[in-house]
Amino acid sequence: MEKSLCTLNSISQQRGHLKTPNEELVIHYRINFKYVCLCTAFIPLGALLVCLLSAYIFQFDDVHETHCKVFNIVPSISAVTGISPQRYIWRISAALHIGPRVIISAVYNAYQLSMINPLADLEVKSRAQLWLNTAYLLNLIEAGALCGVSYISNRDNYPIHEKLFITFMVSSLSHMVACIRGTKLAADSRKDLESIKAGLKYKQNLLVLSLISTAGLLIFFIQHRFFCLRMAFSLFALCEYVIAAANMAFHVSVISDFPTEELMVGKFISTAGNTHKVE
């Protein structure tokens, strides 16, 4: 834990506070926000790889078993995270992932809203705020659905697991669309589309990849569920992994907007004796 004193003047511009002499900030703890974002993204990625490799090596028959009884080589995410002991690894990773993700979502939403030019046209500002707040809400729904599919496996309760998975897919794709649209409108309010061109292209490519993979996932699911075609389930599972990778890559792109920022817990101390806690 790092504890230090710094003047309010040194951070007032970042925090958006008025500069006030004779006021200091006591920092109880701080950590690089980029590091928090990377850890939050890589925890589920690492857990998924462990679940996939261990299940493929030691429980091959269990994770490839389907109602069709046809040959498959790629197990689904639900299969490798729904058996024991892999389900415990996956649930622990979900527990470690969800909390920081909610904080990151809130910080990113506040950051994006702050990028809207207050002097821009009222309609442009309203549309940007609407899209950004919608993206934030969808992000929270996506996180909740992820938590649900992690703790209610297809083996525990398939109907509920299926509905949570659909909720996750719809909210994930909708969040991507809303985030891209909101970011573009915020930049448009500043007449600064050029500064977000690279980041926007990156997110748009991931959205397209996710949409194509989702279409493939639906096609191969129908082929497997109703026609029991050989390898259809493996192709369905492959689309699942591509969607998961694209989703993680989309969320981790937040680090481009916070290269040097820090997450801090502390409090302001003034000579008048008033304190205001900040995080």
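Student: Which cysteine does Cys-68 pair with in a disulfide?

Tutor: Cys-68 is joined to Cys-228, with the sulfurs 2.1 Å apart; a disulfide here is a pair of cysteine sulfur atoms within 2.5 Å. The structure holds one disulfide. Keep in mind that this is a predicted model, where local features need pLDDT of at least 70, side-chain atom pairs count only at pLDDT 80 or more, and totals for chains, interfaces and linings use all residues. Residues are numbered from 1 along each chain as its sequence is written, and side-chain values use heavy atoms, with hydrogens and water left out.

Student: What's the handedness of that link between Cys-68 and Cys-228?

Tutor: The link of Cys-68 and Cys-228 is left-handed, with -70° about the S-S bond. Cys-68 sits in the loop between α3 (60–64) and α4, and Cys-228 in the loop between α8 (197–227) and α9, so the pair ties together parts 160 residues apart in sequence. Helices are DSSP runs (H or I, at least four residues) and strands are too (E, at least two), numbered from the N terminus.

Student: Cys-68, buried or exposed?

Tutor: Cys-68 counts as buried, at 13% relative accessibility. Cys-228 is partly exposed at 29%. The cut-offs are under 20% relative accessible area for buried, over 50% for exposed and partly exposed in between, with a 1.4 Å probe and protein chains only.

Student: Which peptide bond is cis, at omega near 5°?

Tutor: That's the bond from Ser-84 to Pro-85. Pro-85 lies in the loop between α4 and α5.

Student: New topic: how many cavities of 30 Å³ or more are there?

Tutor: The structure holds one, and the largest cavity has a volume of about 750 Å³. A cavity is a set of points, on a 1 Å grid over the protein atoms alone, where a 1.4 Å probe fits but cannot get out; lining residues have an atom within 4 Å of a point. Grid points are joined across faces, edges and corners, and the volume is the space filled by probe spheres set on the points.

Student: Which residues are closest to the centre of the largest cavity?

Tutor: Of the 42 lining residues, the closest to the centre are Arg-101, Leu-146, Phe-168, Asn-247 and His-251. Elements giving two or more residues to the lining include α5 (86–114), α6 (122–151) and α7 (158–189).

Student: What's at the N-terminal end of α6?

Tutor: Asp-121 caps that end of α6, with a side-chain oxygen 3.1 Å from the backbone nitrogen of Glu-123.

Student: And where is Tyr-111?

Tutor: Tyr-111 is in helix α5 and is partly exposed, at 23%. Tyr-111 and Phe-258 are 147 residues apart in sequence, yet 9.5 Å apart in space, C-alpha to C-alpha.

Technical notes
On a 1 Å grid over the protein atoms alone, a cavity is a set of points where a 1.4 Å probe fits but cannot get out, and a pocket is an open set with protein on both sides within 12 Å along at least five of seven lines; lining residues have an atom within 4 Å of a point. A polar contact is a pair of N or O atoms within 3.5 Å; within protein, one must be able to donate a hydrogen and the other to accept it, and residues adjacent in sequence count only if both atoms are side-chain atoms.
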